[in-house]
Each structure stands twice: as structure tokens, then as C-alpha cells.
Amino acid sequence: MAAAAAGLSWRRVSSFTGPVPRSRHGHRAVAIRELVIIFGGGNEGIADELHVYNTATNQWFLPAVRGDIPPGCAAHGFVCDGTRILVFGGMVEYGRYSNDLYELQASRWLWKKVKPQAPSTGSPPCPRLGHSFSLYGNKCYLFGGLANESEDSNNNVPRYLNDFYELELQHGSGVVGWSIPVTKGILPSPRESHTAIVYCRKDVGSPKMYIFGGMCGCRLNDLWELDIETMTWSRPETKGTVPLPRSLHTANVIGNKMYVFGGWVPQSAGGEISSHDGEWKCTGSFAYLNLDTTEWIGLIADCQEDKSNLLPGPRAGHCAVAVGTRLYIWSGRDGYRKAWNNQVCCKDLWYLDTEKPPAPSQVQLIRATTNSFQVKWDEVPTVEGYLLQLHSDSPVPSAAGTAGAGIPEAPLLAPQGASSLHQGPPSLPSVPYPEMKVDHPSQANNVIPNNVQVSLSSNSLLKIEGKEKAAAPENKITQETMKSHADAPGFKESNAPSLLPVCTSSPQTSSNVGELHDLDKRTVNPDASVCSTVSSTQTMVTQQAVKTESSSTNGAVVKDETSLTTFNSKAEAAEAAFITPSTRVNTGQTNDTHSSKAPVRQMATGRTRDRQWCDVGIFKTNTAVVSQFYLLPEETLSLSSKKENADVPDYRLLKKQDLFPGTVYRFRVAAINGCGVGPFSKVSEFKTCIPGFPGAPSTVKISKSVDCIHLSWEPPASPSGNILEYSAYLAIRSTQLQENPNQLVFMRIYCGLKTSCIVTATQLSNAHVDYTSRPAIVFRISAKNERGYGPATQVRWLQGKGFPVPS
């Protein structure tokens with residue numbers, strides 16, 4: 001099949017939940033992030049509901065819209081600008097068309113009828129249907145459509161249009177007015193049910209609008225180009241086979257391609273296309289126009305009738321929308337039964353991945369133990385899974401005396417007025433902070449420094465937002481831990497029967513009516529206490545309300561300032577050289593080993609080991625618990641190192657290797673969709689903990705007084721010895737943040753045996769407000785035993801109008 005030859009892999013969505021809209025044609029759709037928003041259309045009456053489909057959760061829902069709700073319409077203009085949607089014109093009932101303009105603020109599901117100013121010359125657009133309505137920048141471009149010449153809606157006298165209008169928008173909400181641009185060249189001929197898209201090459205050139213096909217007594221397949229900067233119309237020369245004349249088709253831009261699907265096309269007889277008075281049929285043909293080379297490429301021919309449900313069937317008047325690099329198609333009519341005007345509408349939803357997914361973000365550490373990591377990465381839209389890989393250095397030969405074992409240190413800032421809280425010999429660098437957890441003692445050898453500010457990465461903090469509780473007595477926010485699913489399935493389409501546990505408590509987009517409710521709101525009322533409970537198994541802190549967030553610190557090395565240049569003994573100096581290839585690498589940031597050599601550990605034998613990437617597994621979500629990885633057979637190692645995107649092996653045939661304590665592991669991840677495995681992310685490196693260090697403090701609470709706040713916590717559930725002291729840190733403003741906004745700078749505000757402290761208004765006035773999600777002030781608290789400091793518990797205290805946020 002041509003589709004298979006072209007590498008197409010259409011998928012029909014067979015399982016979804018929620019109120020599925022009735023099938024229809026003449027509807028329109030736009031995408032806001034992962035949401036497909038559908039409005040209008042007709043089938044046994046014109047539809048007036050607004051339906052939303054969540055592509056991430058396969059859920060339909062009906063938002064509770066309010067305001068100036070427009071009447072149902074079909075064949076209308078429908079564009080999206082950020083989180084607002086504009087609707088223009090369309091058929092509101094048979095023979096009666098509209099020229100009304102409505103705006104929907106999708107962040108609040110609020111409709112508003114807007115009245116743009118009339119053009120300074122000429123009349124505003126007349127009522128119409130089947131026009132094109134395209135957005136570029138702060139302007140919408142209206143072209144053509146069909147008007148009714150008769151004042152009697154029952155007496156439909158069609159008039160095809162080729163007028164051209166420009167609608168200027170106000171920023172955020174509202175419109176300025178219509179204008180009639182002065183254009184050069186020859187206007188496209190009158191038409192309706194055509195398509196129009198806007199495309200601007202990344203390298204050179206001005207934005208162009210392309211109009212294709214449509215209806216004007218007969219179907220058309222001409223292509224027109226408008227240079228938006230010069231307002232010049234032209235007919236570009238194209239290469240390849242031009243698709244058949246058509247109307248009621250769709251056109252969508254993904255990358256540099258305009259994908260054209262379906263529509264009404266002439267019925268061919270004996271290889272000859274019939275005249276405009278001949279027979280017409282719906283088609284399932286699929287082609288794209290390379291907008292850089294203006295070459296047409298056919299993907300599915302008109303004559304391809306697929307009986308195996310591997311391709312979407314013929315249809316016209318459907319909607320198509322791009323979500324990332326994925327194209328979705330829903331409903332539409334597939335023709336008529338013998339009795340004319342008895343339309344048959346499709347009820348199916350399809351999607352097509354048009355290219356491999358982009359590289360995910362770098363892998364981020366949620367928590368570490370002596371023999372496992374929990375990691376995450378940013379979600380990539382419209383993917384089916386993630387391939388996680390690692391490679392490692394050899395384990396640390398001996399855990400004794402290796403408090404300095406760690407990854408390269410973060411540069412430290414000089415103290416700013418901090419008092420010396422305790423004295424002692426300088427400490428060697430430490431390993432990453434694990435997540436707040438006590439089931440496995442974090443046992444990290446994180447040595448919090450004396451009297452210094454510490455530069456740590458903040459872009460790797462886990463922020464999991466849950467639903468707001470209906471009642472939160474006394475502003476206490478409970479952060480409940482969630483057990484990871486021990487038997488969560490792996491990527492079902494791989495050969496892996498059941499991979500490593502997949503943590504399914506990662507952030508998921510809600511499918512309820514409030515999907516976009518808080519897009520433009522800020523959290524208020526920071527009067528909140530934070531407490532957390534601890535599970536006896538692997539845990540993850542989940543925010544249950546909107547006042548605070550808790551997270552792990554990650555990938556950071558904390559070190560006494562003097563130990564940057566001095567050591568207590570030759571053994572310590574040798575040990576530091578053994579484990580720290582560089583002292584100027586920002587930990588929490590990662591080394592990209594695709595383009596540069598990774599730091600090499602100087603092994604006792606003087607040899608460096610060859611590193612091979614090994615699969616951890618394929619995961620459905622963007623989090624993973626890593627305690628093992630798969631060992632590839634020797635004969636495949638050389639092949640896989642040469643072939644970056646080698647086929648995923650059959651994991652059932654591979655041996656597993658456990659993680660070792662005190663070992664640096666490097667991670668990378670790639671996304672998978674219907675086109676295959678995409679490129680890998682940049683490389684991150686983390687280190688497993690060394691036994692003997694205390695766990696993280698738990699049950700952190702914050703309460704506000706008039707001129708200060710009270711910070712309290714519970715001792716670690718796994719102290720691994722006697723707790724000698726606690727340290728609390730506050731993220732502060734710093735010039736280093738201006739140079740690298742992803743790095744937080746911390747100052748110690750407390751050191752002692754008590755499990756509470758007071759943070760003064762003076763200290764808070766110097767606090768940095770972190771805007772990586774919601775505005776928050778960040779605290780970290782850690783415990784120290786005979787071995788040193790363990791991992792820090794981090795709390796983000798959400799800020800709002802109720803508390804003076806430092807400026």
C-alpha cells in the first residue's frame with residue numbers, strides 16, 4: 001500500500017471516555033496544548049455545544065461555558081490565539097448565514113460577542129459560510145465563502161465570494177476592527193469550502209498564506225499564495241502530482257508540510273475525471289505539499305479503498321487538527337444513501353504521527369537510594385512511550401571513607417553575612433539529594449557546608465499538582481505519599497512482557513471541566529502549613545492543595561568552601577581526584593556526551609572502560625524507578641553503538657544488572673511514537689547513595705506569624721545513627737541567578753539540634769521567589785549523623801497577595 005510505503009501508521013482511537021459528541025459535518029476544531037476543542041457542525045440539526053477532547057487521557061468532556069454563548073453554526077471560521085478562540089460567521093440555519101464574531105476565553109470557558117469596527121473604506125464582511133479564517137500574529141485573514149443573495153432564507157440564491165478582509169486583534173482579548181487590505185496581483189477566483197493556511201519559513205522569507213481548492217459551481221484544485229508582508233497574490237509553480245479538485249477537505253501545517261485530507265472529488269470513470277456536471281464522491285486521499293519546495297507528494301491515492309480499517313475512510317466536511325506533530329481527524333460525512341439529503345456521518349477518531357518525536361528534556365532525579373533512582377523528564381506531547389537508557393562507571397571500590405564520593409561539584413558563592421555555625425575539618429563533595437523518603441534511608445553522603453551559600457540546580461525539582469481538597473482545615477496542606485505500582489505494565493507494543501515498575505503518579509492532564517481554569521490565575525493566601533506522611537515503600541510527595549509544593553533536590557554537590565583547595569590528607573586529595581574530574585561543572589546541569597567527552601574516572605588500573613548504553617526499559621509515563629538495567633549480548637554491542645536508533649530488543653531474552661551503591665550512572669531518554677524512536681535527550685548523571693547517612697526530615701510544617709514564619713519538621717525515620725544536627729536553608733536572590741536562572745542559591749538560616757526554627761522577616765526579605773511553576777519561596781532541611789548530612793527535604797511555600805513577596 002502507498003500508505004505503508006510512505007511510512008504512515010494511522011491509528012484509530014478505540015477507547016475513550018466521557019460524553020462523545022454526535023457525529024456531524026461542517027464542524028471546526030482547534031488545539032490548545034493537548035486539548036482538541038470542537039464547535040458547531042450539523043447532522044439532524046446544527047450543533048451548538050462546545051466539546052473538548054483530551055488527547056493525553058483519551059477523554060471527552062463538555063465545559064460549563066458561560067457569557068454570550070453563540071448559537072450553533074456550521075462551516076464557520078474558527079481560529080485559536082493562545083487560549084482564546086474566535087468564531088466568525090457560518091450557517092445558523094438553512095439559508096440563513098451569520099457575520100457575527102464571538103470570542104471564547106478558554107481559560108475560563110467564557111464567551112463574549114465582540115463588535116469590531118467597520119473598515120474605513122467599504123463595508124464589513126457580509127454573512128457567509130464556507131469561508132477561510134486564518135490567524136497570523138495579531139491579525140486574522142478572511143477570504144471568500146458563500147453568501148445568500150436572497151433576503152428570504154427559504155429562497156437560497158448562492159453567491160460565491162472572493163473578497164478579502166483583515167481583522168486586527170487586541171492583545172489578550174477583544175478586537176480592533178476590520179480593514180480591506182490593498183493587494184497586488186490577481187485575486188483568487190470566488191469559492192467556498194476551500195482551505196487556507198499560513199506558513200513562514202524559518203530561514204528566509206516572509207509569511208505566506210496558501211489557499212487550495214474549494215467550490216464554485218465545480219470543484220477546484222488551484223493553489224494560490226499571498227505574501228502577507230507585500231500583500232501580493234500569485235500562483236506558485238508546483239512539482240509532483242496535484243491532488244484532484246476538491247472541496248470540504250482539510251489542510252493542516254505540521255513542520256514545513258501542508259497535509260491535505262479527504263473532501264469531495266470528481267468520480268473518475270475509466271481513468272478520466274468526469275466534468276463538473278458528473279458524479280462526485282467523498283475521498284480518503286491524503287497528500288502533502290512541501291511548502292519549502294512547493295512539491296506535492298501523494299500518500300494515499302483516491303482509489304485506495306481500505307477494508308481493513310487501517311486507514312480512515314472517505315469523508316468530507318470533517319475536522320482535522322494538529323497537536324504537536326500528530327494529526328487528528330474526527331467525524332465528517334462519507335456520502336449519501338440512495339435517498340438524497342439523508343447523510344451518513346462518520347463516528348470515528350483517527351490520528352497520524354507525521355514525524356518522529358523530538359528529544360525529551362534531560363532526565364531529572366526525583367530521589368536516590370543506595371541501589372535505585374526515581375527519575376523523571378518533561379512530557380513530550382502525543383507520544384506512546386519513552387525509551388530510557390543508562391551507562392555507568394564502575395562501583396566505588398570501598399564505601400569506607402568515601403564521604404567525598406560524588407559527581408562534579410557545583411561552584412560555590414562566597415558567604416554573604418552568614419555566621420559560622422559550627423567548626424570542623426573541611427568535607428569532601430557529596431552525592432545528589434534524594435527525594436523526601438525514609439523507606440530506604442537516603443544514605444547519601446551529602447555534606448552541607450559550613451557558613452557558605454550553595455549553588456544548586458532547580459530545574460530538576462519534581463512538582464506534582466493534585467486536585468484541591470474541598471476542605472483544608474486551618475490551612476494545613478497534607479502532602480500524601482503515593483506507592484509506586486510494583487507491577488505497572490511496560491510499553492505494551494514492545495517485546496517487553498512487564499518492565500521495571502512504572503510510576504503512574506506523575507502529573508496527568510485533568511480532563512474535567514476545569515481543564516484550563518487556572519491558566520491565567522496566581523495562587524493567593526500563602527497561610528499554609530505543610531505536613532507529609534511517609535510510606536514504608538517507595539514514595540512520592542504529591543501536592544494536594546494550592547498552597548505549598550514539596551520536592552526533592554537533585555544532582556547537586558554541597559561542599560565546604562575550603563575543601564575546594566585544601567584537604568586533610570593526601571588520601572583525601574587522591575580520593576577527590578579519583579571521583580571529581582572537574583570542579584567547575586554545574587551539577588544538576590548535565591554533560592552532553594553526544595558532542596563532548598564525558599568525564600573519565602581514573603581507575604586504579606589506569607585504564608578507562610568502554611561505555612555502552614544499556615536499556616532500562618520502555619515506559620508509558622515520564623517517570624521511572626530504576627533499580628536494574630538490561631545487559632545486551634556482546635555481539636550486539638558494536639552494532640548498537642553504531643546505530644543510534646537500533647530496534648528495541650526482546651527484553652525477555654536479556655539478563656538484568658542491579659545498580660550498585662556509590663556509583664555514577666548517566667541517563668538519556670528518547671520518545672517513541674508511530675514513526676519510531678526519536679532522538680535522545682542530553683545526558684544527565686546521578687550517583688547512587690552510600691550506606692550510613694541519615695534519611696530526609698519529614699512532616700515539614702510552615703506557619704505564619706505577624707513578623708516571621710515558624711518552620712518545623714520531624715526527624716528522619718531512618719537516622720542511621722544519632723542525629724547530630726539539622727540545617728535549614730533558604731533560597732536567596734543572587735547575581736548568579738541572573739546569569740543562570742535555573743540555579744538556586746541557598747543560604748543556611750539555622751543549624752542545631754532542634755526540629756524547628758524561626759525565619760525572620762529580614763531573612764525573608766532576601767528570599768528568591770521561584771517562578772518555575774507557581775511563585776514560591778524555597779526551603780531545604782537536612783539532617784546530619786556521624787557520617788555526614790543526608791538528603792534535604794525541599795518545600796516550596798507558595799506566594800500570593802496575602803503575604804509581601806520580596807521584590
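Two strands pair if DSSP finds at least two bridges between them. Strands (E, at least two residues) and helices (H or I, at least four) are DSSP runs, numbered from the N terminus.

This is a predicted model: local features need pLDDT of at least 70, side-chain atom pairs count only at pLDDT 80 or more, and totals for chains, interfaces and linings use all residues. Residues are numbered from 1 along each chain as its sequence is written, and side-chain values use heavy atoms, with hydrogens and water left out.

**Stop 1: the sheet**

Select the open sheet of 5 strands. Its order is E6-E10-E9-E8-E7, with mixed pairing. Strand E6 (66-67) and strand E7 (77-81) are the edges, each pairing on one side only.

Now pick strand E8 (residues 84-93) and strand E9 (residues 96-105). They run antiparallel, joined by 8 bridges. Show isoleucine 85: leucine 104 in E9 stands opposite.

**Stop 2: arginine 84**

Show arginine 84 and aspartate 81. They form a salt bridge, with the closest N and O atoms 3.0 Å apart. The term means a side-chain nitrogen of Lys or Arg within 4 Å of a carboxyl oxygen of Asp or Glu.

How accessible are the two partners? Arginine 84 is buried, at 3% relative accessible area. Aspartate 81 is partly exposed, at 25%. Buried means under 20% relative accessible area, exposed over 50%, and partly exposed in between (1.4 Å probe, protein chains only).

**Stop 3: lysine 208 and aspartate 227**

Go to lysine 208. Its side chain meets that of aspartate 227 in a salt bridge (3.9 Å, N to O). The pair links distant parts of the chain: lysine 208 lies in strand E16 (residues 208-215) and aspartate 227 in strand E17 (residues 219-227), 19 residues apart. Both lysine 208 and aspartate 227 are buried.

**Stop 4: lysine 376 and aspartate 378**

Select these two side chains. They meet in a salt bridge at 4.0 Å, N to O. Lysine 376 is buried, with 8% relative accessible area. Aspartate 378 counts as partly exposed, at 39%. A search of the whole structure finds 17 salt bridges.

**Stop 5: the cysteines**

How many disulfides does the structure hold? It holds 0; a disulfide needs a pair of cysteine sulfur atoms within 2.5 Å. Show cysteine 218 and cysteine 216. The closest cysteine sulfur to that of cysteine 218 is in cysteine 216, 6.9 Å away, too far for a bond. Cysteine 218 is partly exposed, at 25% relative accessible area. Finish at cysteine 126, which counts as partly exposed at 22%.
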